[in-house]
Amino acid sequence: MRSQWTLLFGIFFALIVAIFAVINVDSVSVNYLFGESEWPLILVILSSVFMGGIIIGSVGLFRLFVLQRRVRALSKENAALQTELMTYKNQDKTDKKVEEPVVEDIH
């Protein structure tokens, strides 16, 4: 259900950006570090949204990668602790001596 809400929010946001971009079709001056040029405002808006999406996606992928590494490390640690626990349980079973009942000879 969460992914459906995320998709609906994304479509709504894209619709708002598209309407805003279509309304602003005037030519604007874009200053770069090495020069200046005239671009339609619609291209500036859409390219800014696209670059923002790429940046957000990259940060999300990086966080996903870090979390997957953490999950793998914790899974290995969990497996090691499980085997250690099993060895302790097995040692406890073998260390306990089985006491046989004392049978007294009545004769």
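Predicted model: local features only at pLDDT ≥ 70, side-chain atom pairs only at ≥ 80, totals over all residues.
## Overall architecture

The protein holds 2 helices and 2 strands. Read from the N terminus, these elements follow the order α-β-β-α. Helix 1 covers residues 2–23, strand 1 covers residues 27–31 and strand 2 covers residues 36–40, and helix 2 covers residues 41–95.

Of the 107 residues in the protein, 4% are buried. When contacts between residues at least 6 apart in sequence are considered, 22% of them join residues at least 24 apart.

## The strand pair

Strand 1 and strand 2 run antiparallel and are joined by 5 bridges. The two strands form a hairpin, with 4 residues between them. One of the bridges can be named by its residues: V28 has W39 of strand 2 as its bridge partner.

I45 lies in helix 2. Its relative accessibility is 13%, below the 20% limit, so I45 counts as buried.

Apart from neighbours within four places in sequence, the residues in contact with I45 are V17, F20, A21 and N24. A further relation is given by the C-alpha atoms: those of I45 and A18 are 9.0 Å apart in space, while the two residues are 27 apart in sequence.

## The aromatic pair

The model contains 1 aromatic pair. The pair consists of Y32 and F34, whose ring centres are 5.6 Å apart and whose planes stand at 10°; since planes under 30 degrees apart count as stacked, this pair is stacked. In general, the distance of the centres and the angle of the planes are what describe a pair of aromatic rings.

The two partners fall into separate accessibility classes. Y32 has a relative accessible area of 36%, which lies between the limits of 20% and 50%, so Y32 is partly exposed. F34 reaches 76% relative accessibility, over the 50% limit, and therefore counts as exposed.

## The nonpolar surface patch

Conventions
Residues numbered from 1 in each chain as written. Heavy atoms only, no water. Phe/Tyr/Trp six-rings, centres within 6.5 Å; stacked < 30°, edge-to-face > 60°. Buried < 20%, exposed > 50% of the residue type's maximum accessible area, 1.4 Å probe, protein only. Contact = heavy atoms within 4.5 Å. Pairing = 2+ DSSP bridges.
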